[in-house]
Amino acid sequence: MRDNLTAEALLEGHTDIIGEADKNRVLSENRVKAIHRNLVGKGIAPNRIRLEWYGDTRPLLADKSLSEGTRRANRRVEITTLKK
């Protein structure tokens, strides 16, 4: 994004299903805002980055086994290019 000054991105925060839904939403918000702060700290204009957070509502892996691997995969921030 530093090389392409018109590029825009979407950051989407997610959590696993352990814990209360409200707390997971806040956790996913904090997770995505931390990435946003990092990008802004590297010189990316804040208005070029859109933020969304979903808590545990959009799992990458819907396996209900609660294995550590499944939980780890669902704790994430996804970055999507909106405009190149």
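Visitor: What's the relative accessible area of K33?
Guide: K33 has a relative accessible area of 30%, so it counts as partly exposed. Buried means under 20% relative accessible area, exposed means over 50%, and partly exposed is in between, using a 1.4 Å probe and protein chains only. Bear in mind that this is a predicted model: local features need pLDDT of at least 70 and side-chain atom pairs count only at pLDDT 80 or more, while totals for chains, interfaces and linings use all residues. Residues are numbered from 1 along each chain as its sequence is written, and side-chain values use heavy atoms, with hydrogens and water left out.

Visitor: Which residue does K33 form a salt bridge with?
Guide: That's E29, with the closest N and O atoms 2.6 Å apart. A salt bridge here is a side-chain nitrogen of Lys or Arg within 4 Å of a carboxyl oxygen of Asp or Glu.

Visitor: How many salt bridges does the structure hold?
Guide: Nine. One of them joins K23 and E20, at 3.9 Å from N to O, and K23 and E20 are both exposed. Another joins E52 and R50 at 3.5 Å, N to O. E52 is partly exposed because its relative accessibility is 27%, and R50 is partly exposed because its value is 44%.

Visitor: Which residues are joined into one network?
Guide: D16, E68, R71, R72 and R75, through salt bridges that share partners.

Visitor: OK, new topic. What order do the strands take in the sheet?
Guide: The order is β2-β1-β3, in an open sheet of three strands with mixed pairing. Two strands pair if DSSP finds at least two bridges between them. β2 and β3 (76–83) are the edge strands, each pairing on one side only. From one strand to the next, the twist averages 20°.

Visitor: How many bridges join β1 to β3?
Guide: Seven, and β1 (residues 8–14) runs antiparallel to β3. Within that pairing, L10 has T80 of β3 as its bridge partner.

Visitor: Which strands does α1 lie across?
Guide: β1, β2 and β3, and α1 runs at about 165° to β2. Axes are lines fitted to C-alpha atoms, for helices over the stretch in contact (heavy atoms within 4.5 Å), and angles run from 0 to 180 degrees between N-to-C directions.

Methods:
Helices (H or I, at least four residues) and strands (E, at least two) are DSSP runs, numbered from the N terminus.
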